[in-house]
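Dear colleague,

Please find the structure below. My notes on it follow.

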There are 2 protein chains.
Amino acid sequence: MRKSSKRQRSKKGRLSLKPSRYEIRLAGSGGQGIITAARVLAEAISAGGDKYVCQTQSYGPEARGGASKAEIVISYETIDYPKTMNPDLLLAMNQTSCDAYFSDLKPYGLLVVDSTLVKQIPTSRAVALPFTDTARKEVGKELVANMVALGAVVRLSQIVRPDIVEETLSQKVPPAFVEMNIKAFNAGMALASQVDVDALPASAFGSEEEEL
Amino acid sequence: MRKSSKRQRSKKGRLSLKPSRYEIRLAGSGGQGIITAARVLAEAISAGGDKYVCQTQSYGPEARGGASKAEIVISYETIDYPKTMNPDLLLAMNQTSCDAYFSDLKPYGLLVVDSTLVKQIPTSRAVALPFTDTARKEVGKELVANMVALGAVVRLSQIVRPDIVEETLSQKVPPAFVEMNIKAFNAGMALASQVDVDALPASAFGSEEEEL
């Protein structure tokens, strides 16, 4: 049975209350640029200026076979425990990570999946967008699917101003790749702008929350 | 008064016992490539295959003004708390970070400083090597001082096989910069190979430990 914190509850899966803790987990396979996306997001949020941010990646036996996971904890207060416990937002860039981490999500959290690669989506409270397809078709490089996904995460969570992310990208990515990455980021923003998060079911776990 | 764990004590500041926890903190100013060095080190240790690794960077009001800090926790067991509490090895790439973090070091921990930029060294249990000077003179780019430092950290801590770090570097750095980074890494290894860690005082805090 999941604990439901009324104080922190937000149907939108967005950072809303002070003081609160907002947790993001990005997951997929190695080579999808998960950790790079997390680092850009964390630095952009930090550059926003009003929040503490802690960004972590863990490696261990479970990371063998090409799995990749990165976590970001955001708070208006000092962060004591920097790992995500129950993400408010889970980005799953492949089926394996969706299956592995979905159950950790907060009931009112938001699952975001790459519909190019995730075919079995475990909840109707999910945003499924074709990140890899969009990267290939609109930017010409599957490699930047991470930045398409980042654009969607930024648009959906509204955790940081998009122009700050673009500025961070410009500083962090080698000069020759900046334009491509920003193009991908904007493609992701555009994809997510078609989504009405408020129209999704309130709980990621069916009617479980109502039973509490 | 510092707690001294006899079980984990190692005069060498190296990961030695099972199960133990080895903590590394890398610190300097923004633009010195601290986080990149930490990510390469963490991924290399992970690729080594037998250890859990958790790599964290925190951003907050204290990170304003260009400070940069990254942490790596290494263990033979699952890592519950991924932040460093008392580093076994502290790399200080500038005076500010040396001043700020020295007191967190374990008594038998090892302070490694960039002697190009750190002029006041708070303990005789320190390894002071000219990372920035070496990067400029031997590689022609101050930018790779982080990789010179990484080479020294790898050589001093003996935490991971150097060839695994080189392999990780080859994968993580854009192709045009691989050779330069590996050259810098090897220059750092060479610098540190002249150091006899066993000849350093046992405690970073003078005779404090003997008094316990």
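By what turn and what shift along the axis can chain B be laid on chain A? A turn of 180° and a shift of 0.0 Å along the axis place chain B on chain A with an RMSD of 0.0 Å, the superposition being by least squares on the C-alpha atoms of residues with pLDDT of at least 70 in both copies. This is therefore the relation of a two-fold axis.

The model is predicted: local features need pLDDT of at least 70 and side-chain atom pairs count only at pLDDT 80 or more, while totals for chains, interfaces and linings use all residues. Residues are numbered from 1 along each chain as its sequence is written, and chains are lettered from A and ligands numbered from 1 in the order in which they are written.

Within chain B, the residue that comes closest to the rotation axis is B:Thr56, at 2.1 Å (C-alpha). The same surface serves both copies, as 94% of the contact residues of chain B recur in chain A.

The contact (C-beta atoms, placed from the backbone, within 7 Å) takes 18 residues from chain B and 17 residues from chain A. On the side of chain B that touches chain A, helix H1 (34-48) and strand E2 (52-59) each supply at least two residues; the largest share, eight residues, comes from E2(B). Helices (H or I, at least four residues) and strands (E, at least two) are DSSP runs, numbered from the N terminus.

Strand E2 (residues 52-59) of chain A runs antiparallel to E2(B), and seven bridges join them. One bridge pairs A:Cys54 with B:Ser58 in E2(B).

With kind regards

Definitions and conventions. Contact = placed C-beta atoms within 7 Å. Pairing = 2+ DSSP bridges.
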